[in-house]
Amino acid sequence: MSAYNWITAFATCPHCGTEHEIVIQTHMSSSYGGDERGLFFDRCYALGEKMRWWSKSHPKFAEWIVSHAVPKEPDSFLECCYGKCSGCKQEIDSVVQFSDVTPVLVKDIGVLDEWPSDFP
Ligand SMILES: [Zn+2]
């Protein structure tokens, strides 16, 4: 099983229709490896918070981008992730935009049976 991290964001839940903290599971910047500060998995990040990863000069730097991420624009990638509403506990999907090892934006959020067709 591949490593993952967590992103939390406030958004209007597509299931209960109210604003709640959405907990999102991401595989970006996720590895069972790490550095002297610790391993790069099971960490929790807010939007705009740079994720822990190897430095740009490290041979594994480019691996912060998972293979199922969709290039959006130069240095920007979209990942469709599983998430859960902290209010109603409904599982949802969310499209998160990443740039420079950082989750920057929740672009879309939906109910799981409507997984966006342009994402793996
Ligand atoms: Zn909800």
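This is a predicted model: local features need pLDDT of at least 70, side-chain atom pairs count only at pLDDT 80 or more; totals for chains, interfaces and linings use all residues.
Q: In which sense do β8 and β9 pair, and over how many bridges?
A: Two strands count as paired if DSSP finds at least two bridges between them. Here β8 and β9 run antiparallel and share eight bridges. Residues are numbered from 1 along each chain, as its sequence is written.

Q: What happens between β8 and β9, and which residue there takes a positive phi?
A: Most residues other than glycine have a negative phi. In this hairpin two residues sit between the strands, and aspartate 100 takes a positive phi near 55 degrees. That aspartate 100 belongs to the loop between β8 and β9 (102-111).

Q: Is aspartate 100 buried or exposed?
A: You count the other C-beta atoms (placed from the backbone) within 10 Å of the residue's own: 20 or more means buried, 12 or fewer exposed, and in between partly exposed. Aspartate 100 has 11 of them, so it is exposed.

Q: Which other aspartate has a positive phi?
A: Look at aspartate 75, whose phi is near 65 degrees. You'll find aspartate 75 in the loop between β6 (70-73) and β7. Aspartate 75 is exposed too, because 10 other C-beta atoms lie within 10 Å.

Q: How many strands and how many helices does the chain have?
A: These elements are DSSP runs, numbered from the N terminus: helices are H or I with at least four residues, strands are E with at least two. This chain has nine strands and zero helices. Its radius of gyration, taken over C-alpha atoms, is 14 Å, close to the 14 Å from the globule rule (2.2 Å times the number of residues to the power 0.38) for 120 residues, so the chain is as compact as a globular protein of that length. Along the principal axes, the C-alpha trace spans about 45 × 30 × 25 Å.

Q: How do β1 and β2 pair, and what lies between them?
A: They're antiparallel, joined over eight bridges. Threonine 8 stands opposite valine 23, which is in β2. The two strands make a hairpin with six residues between them, and in the turn glycine 17 has a positive phi of about 75 degrees.

Q: And how do β1 and β5 run, parallel or antiparallel?
A: Parallel, with three bridges joining them. Tryptophan 6 has cysteine 44, in β5, as its bridge partner. Alanine 46 also lies in β5 (residues 44-46). With 10 C-beta neighbours inside 10 Å, alanine 46 counts as exposed. From alanine 46 to glutamate 19, 27 residues apart along the chain, the C-alpha separation is 16 Å.

Q: Which residues have the most contacts inside the largest nonpolar core?
A: Such a core is a set of buried Ala, Val, Leu, Ile, Met, Phe, Trp, Tyr and Cys residues joined through C-beta atoms within 7 Å. The largest one here has 20 residues, and Ile7, Ile22, Ile24, Ile92 and Val96 have the most contacts inside it. Two or more residues each come from β1 (5-12), β2 (19-26), β7 (76-85) and β8 (91-99). Overall, 25% of the 120 residues in the chain are buried.

Q: Which residues does isoleucine 24 touch?
A: A contact means that two C-beta atoms, placed from the backbone, lie within 7 Å. Setting aside neighbours within four places in sequence, isoleucine 24 is in contact with Trp6, Ile7, Ala9, Cys81, Gly83, Ser94 and Val96.

Q: What about leucine 39: where is it, and what does it touch?
A: Leucine 39 sits in strand β4 (residues 38-40). With 14 C-beta neighbours inside 10 Å, leucine 39 counts as partly exposed. Beyond its neighbours within four places in sequence, leucine 39 is in contact with Tyr32, Gly33 and Gly34. Phenylalanine 77 is 38 residues from leucine 39 in sequence and 23 Å from it in space, C-alpha to C-alpha.

Q: Where is confidence lowest, and where is it highest?
A: Check the pLDDT, the predictor's confidence in each residue, from 0 to 100. The chain averages 94, and 99% of the residues score at least 70. Confidence is lowest in β6, with a mean of 92, and highest in β5, at 98.
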